[in-house]
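Reader: Could we go through the charged pairs first, and then a helix and the surface?

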Amino acid sequence: MNASTRPRIRIASVHGPSPWNRQWLALQDDFLRRCGEGVEIEFGVFLNGTDLDVAGTQASIIGRSAHNLGHAAALQEIFEHFRTDWRGADGYLLLDSDCFPIRPRWLHELVALMARHRKSFAAPVRFENLEPYPHPCALYIDGAALDDPRLRIDGGAETDNLLGEPVKDVGAGLLPLDGDLLPLVRSNVHNPHPIAAAVYNHFFYHHGAGSRAFGFRAIDRFGYYAHWRDPGDPAEADDLLQALFADPQGFIRGLTGA
């Protein structure tokens, strides 16, 4: 990252069919502005089988598909955009539609942490969902590592989760990055849900299932939290969404203990 000038970062998110796309885009746009001090940002969205009016935001439409390609294929389209139209940036950030940075000067602090540990990539590792692999809801890529051949999203990738059970996930294809990836782990001070409404290393907020049916493998398939509570109730999903949308900054302050 350039030390003498403002670092240039290119950010892109995928928006699939969802009634909440406008709200998620507004949140991403707002927090990127709030937390982007000293950074030159270009922000784009890939529309995956949906339409979205980006007027009034800093976002541009960098690609679209008339039908839903699936999440992995859409993420791969963004990688191709990074490597062609957006070459030459200091860093790249791939986001899910319901994920965004929440910490002022997050980029400077994240890059410094990556440098300290000699890492080229950073992403959440969702141990709370029993996942041993990085999740591309917030995948940061150092500009010099953009052409790394291990950097790929594979919707059919399969690996064992932390229970030793086979699972398929878009993040499993990123396992080869392991030695060069900084894991961002859940750092919530307050947890209104064991998996959703997550804060990762106080850098990123990821709502989780914000643009699809509310459900998670650890709950629905493996019953991992069944002895504790029933955290898959649709009413709870609505409560989380409405609390976030009503007061985003206050909701996230409550999660981080700020």
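Author: The salt bridges number 15, where a salt bridge is a side-chain nitrogen of Lys or Arg within 4 Å of a carboxyl oxygen of Asp or Glu. This is a predicted model, in which local features need pLDDT of at least 70 and side-chain atom pairs count only at pLDDT 80 or more, while totals for chains, interfaces and linings use all residues. Residues are numbered from 1 along each chain as its sequence is written, and side-chain values use heavy atoms, with hydrogens and water left out.

Reader: What does D29 form a salt bridge with?

Author: The partner of D29 is R33, with the closest N and O atoms 3.1 Å apart. Both lie in helix α1 (residues 21-34), 4 residues apart, about one turn of the helix. Helices here are DSSP runs of H or I of at least four residues, strands are runs of E of at least two, and both are numbered from the N terminus.

Reader: Is D29 buried or exposed?

Author: D29 is buried, at a relative accessible area of 7%, whereas R33 is partly exposed at 48%. Buried means under 20% relative accessible area, exposed over 50%, and partly exposed in between (1.4 Å probe, protein chains only).

Reader: And which residue pairs with E128?

Author: E128 forms a salt bridge with R186, and their closest N and O atoms are 3.6 Å apart. E128 sits in the loop between β6 (121-124) and β7 (138-142) and R186 in the loop between β10 (181-184) and β11 (198-200), so the pair ties together parts 58 residues apart in sequence. Both E128 and R186 are buried.

Reader: Which residues are linked in a network of salt bridges?

Author: The network links R126, E131, D169 and R217. Within it, D169 and R217 form a salt bridge whose closest N and O atoms are 3.0 Å apart. That pair links distant parts of the chain, with D169 in the loop between β9 and β10 and R217 in helix α4 (residues 217-220), 48 residues apart.

Reader: Turning to α6, which of its residues are buried?

Author: In helix α6 (residues 248-256) they are P248, F251, I252, L255 and T256. Seen down the axis of α6, these buried residues fall within an arc of 130°, so they line one face of the helix; the arc is that of the directions from the helix axis to the C-beta atoms.

Reader: What follows α6?

Author: G257 follows α6, and its phi is positive, near 75°.
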